[in-house]
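This briefing is meant to be read alongside the sequence and the coordinates.

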Amino acid sequence: MGYLDFAHGGNIYEVRRKYKKEIIDFSANINPLGLPERIKENIINNFNRILHYPDLQAEKLTEKLGSYWKIDKENILLGNGSIELIYLIFSAFKPKSTFIPVPTFSEYERAARSANSKVQFLRLKEKDNFNLPERIDAGGADIFFLCNPNNPTGNLILQKQRADNLAKLTVIDETFMDFLPDQAAHSLIGEAPKNKKIIVLRSFTKFFALPGLRIGYLIAHKDTVMRLRKYQLPWSVNTFAQMAAELALDNEAYAQKTNCLIKRERSFLFREIAKINRLSPYPSRANFILIKINDKEINSSLLKERLIEKGILVRDCANFRGLSGKFIRIAVRARGENQRLIQALGRVI
Ligand SMILES: Cc1ncc(COP(=O)(O)O)c(C=O)c1O
C-alpha cells in the first residue's frame, strides 16, 4: 500500500481540488498560533542560503537540542520530519516482528510492512478508554512501537516505568508530548540516552507549526544513533528547517502561550461537544479530541462531507485500524474557529 492509500489529516490540497473551496482545517493537529514572526523574518532574510547545501551535521541545532534537553549531542539524530526516522528505524534494525497497540498513527504499520516485519496488533478497547491493559504479552516482539500521548485517542498510554519491559526495543513516539505542560513527568527523553532498549521520537511539526518544513528528531543511546546514521540520506534536513528549529527552541513565550491556549480551548471544545446530542468526546492530553458519533444514521464519512459543505475539514477516523466509521478527530484551534466548528456540528448532527 502506498502512502496515498493511508489518508492522513491536513490534505487541504485534495479538498481544494475536489470541492474548489477554502476550509478551516481541523484535520491536522497543528498549533493554531502558527509560525512565530521571528522565524518567518529569518527565513526571508536568509533566502540566499539556498545556494549552499545544508549543514550535514546540523551542528548548531543538535547542540542546542542537547542543552535544551540536557543530553549529549551524540544522543540526537535529526530527520526530515519524524516520519523519516520511523522508516529509518525499520531499515536499520530490520526487526522480524513488530508489536503495535491500535488505534494509532498508521505509519508505524506501513513502515513495518515496508521492511517485511511481521506485525502484531493489540486492540486498545473503547470500554477501557483506549488505555493499555495492565498485562501485555508482546510475544517477544523485536520492536514495540507506540505513541504517547496517543494519536488519535489523545490519552497518555505509557507510564515511564513500563517502557523498559515491553520488548527488545521500544520506540515511543512523543510527537504530541510538547503539548503537556508537565511533560517532564511523562517523557522518556531522560532515559533514552542510557538505555539501548528505548528510542524516543520528537517532532517540530505540531507544536511549532512547521509541517511544511519537515523536521523531527530522535533521542537514543549513542550506539543506536550511530547505527541509524549509516542508513540515512545526507542533507535530509534542509537549511531553513534547521534555522527555524533553532529559533523555535529559544521561544519560551510561544510555548507558554500555546499551553494556555490549548488548555482553555480544549476544555471549551470538550464541554460544547459533550452538549451535542449523539456526540461523545474523549478526554485528551494533546491538541486534538477524538469524538464518537452515537447516531445510527450518520457515520464519520457522511459527517465529514457535511462539514466540508460548511467550510470545515475534520479527520474521518474510519481508516484507523481498531476504530470503526463512528469516530472523527478534531484539532484544537483558536476560539473563533472552534465556535464555527461547534455551530456547524450542532447543525449537521
Ligand atoms: C503520531 C505522529 N507521529 C509522527 C508524525 C509525523 O510527523 P512529522 O511531521 O514530524 O514527520 C505524525 C503526523 O501526523 C503523527 O501524528
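In this predicted model, strand E10 (residues 288-293) pairs with strand E13 (residues 327-331) in the antiparallel sense, and the two are joined over 5 bridges. Within this pairing, Ile291 stands opposite Ile328, a residue of E13. The points below begin with the sheet around these strands and then turn to other parts of the structure.

**The open sheet**

- The sheet is open and is formed by 4 strands in the order E9-E10-E13-E12, with antiparallel pairing.
- Because strand E9 (279-281) and strand E12 (315-316) each have a single partner strand, they stand at the edges of the sheet, and one side of each is left without a neighbour there.

**The ligand and its shell**

- There are 14 residues around the ligand, and the ones that come nearest are Asp173, Ser203, Thr205, Lys206 and Arg214.
- The shell around the ligand divides by class into 5 nonpolar, 6 polar and 3 charged residues, and helix H4 (residues 81-93) gives the most to it, with 3 residues.
- A nitrogen atom of the ligand lies 2.6 Å from an N or O atom in the side chain of Asp173, while for the side chain of Thr175 the distance from an N or O atom to a nitrogen atom of the ligand is 3.3 Å.
- On the oxygen side of the ligand, a polar side-chain atom of Arg214 is 2.7 Å from an oxygen atom of the ligand.
- Taken on its own, the ligand has 400 Å² of accessible area, of which the protein covers 91%.

**The second largest pocket**

- The second largest pocket holds about 470 Å³ of space, and among the 22 residues that line this pocket, Leu56, Gln57, Ala58, Leu77 and Arg229 are the closest to its centre.
- At least two residues of this lining come from each of helix H3 (59-69), strand E2 (76-79) and helix H6 (222-229), and the largest share, 4 residues, is that of H6.
- Sorted by class, the lining of the second largest pocket consists of 11 nonpolar, 5 polar and 6 charged residues.

**The cavity**

- The structure has 1 cavity of 30 Å³ or more, and the space in the largest cavity is about 50 Å³.
- The residues that line the largest cavity are Tyr68, Trp69, Asp178, Arg202, Ser203, Phe204, Phe208, Tyr217 and Leu249, which by class are 6 nonpolar, 1 polar and 2 charged residues.
- H3 and strand E7 (198-203) each supply at least two residues of this lining; Ser203, one of the residues lining the cavity, is also one of those that come nearest to the ligand.

**Backbone features in loops**

- Val102 and Pro103 are joined by a cis peptide bond with an omega of about 5 degrees, and Pro103 lies in the loop between strand E3 (97-102) and helix H5 (107-114).
- The peptide bond from Asn151 to Pro152 is cis as well, with omega near 20 degrees, and Pro152 is in the loop between strand E5 (143-147) and strand E6 (169-173).
- Ala209 is not a glycine, yet its phi is positive, at about 55 degrees; this residue is placed in the loop between E7 and strand E8 (216-219).

Technical notes:
Residues numbered from 1 in each chain as written. Predicted model: local features only at pLDDT ≥ 70, side-chain atom pairs only at ≥ 80, totals over all residues. Heavy atoms only, no water. Near = heavy atom within 4 Å. Polar contact = N/O pair within 3.5 Å; in protein donor to acceptor, adjacent residues only side chain to side chain. Areas by Shrake-Rupley, 256 points an atom, 1.4 Å probe, with all protein chains shown as cover. Nonpolar A, V, L, I, M, F, W, Y, C, P; charged D, E, K, R; others polar. 1 Å grid on protein atoms, 1.4 Å probe; cavity = no way out; pocket = protein on both sides within 12 Å on 5 of 7 lines; lining within 4 Å. Points joined across faces, edges and corners; volume = space filled by probe spheres on them. Pairing = 2+ DSSP bridges.
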